[in-house]
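Let's take a walk through this fold, strand by strand and then into the middle. Have a look at the model first.

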Amino acid sequence: MAEEDFEQLLDDLRTEKIDHFEITPENFQIFQPIFHAYAYRSQIEGKAQRGGKIIYQLKQR
């Protein structure tokens, strides 16, 4: 995936166009710096799954 795609996923999640997305171990190294630079990352949480996948969703309010 391209960096722009990850930023779009984060924006779509924050604006509730989607309710979650999944990052695979293969994409994690590319995604992580984009996530850490994302201005609204404190509103998003990731939950690790078996096999190294991480599911990101909005934090419950």
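**From the sheet to the core**

Start with Phe-21, whose bridge partner in S3 is Tyr-56. Strands here are DSSP E runs of at least two residues and helices are H or I runs of at least four, numbered from the N terminus; two strands count as paired if DSSP finds at least two bridges between them. Keep in mind that this is a predicted model: local features need pLDDT of at least 70, side-chain atom pairs count only at pLDDT 80 or more, and totals for chains, interfaces and linings use all residues. Residues are numbered from 1 along each chain as its sequence is written, and side-chain values use heavy atoms, leaving out hydrogens and water.

S3 also pairs with strand S2 (residues 44-48), again antiparallel, over 5 bridges. Ala-48 sits opposite Ile-54, and Ile-44 has Leu-58 as its bridge partner. The two strands make a hairpin with 5 residues between them, and Gly-51 in the turn has a positive phi of about 90°.

Now for the core, meaning buried (under 20% relative accessible area, 1.4 Å probe, protein chains only) Ala, Val, Leu, Ile, Met, Phe, Trp, Tyr and Cys residues joined through side-chain atoms within 4.5 Å. The largest one has 14 residues, and Leu-10, Phe-21, Phe-31, Ile-44 and Tyr-56 touch the most other members. Helix H1 (3-14), S1, helix H2 (25-37) and S3 each supply at least two of its residues, with H1 giving the largest share, 4 residues.

Definitions and conventions
Buried means under 20% relative accessible area, exposed over 50%, partly exposed in between (1.4 Å probe, protein chains only).
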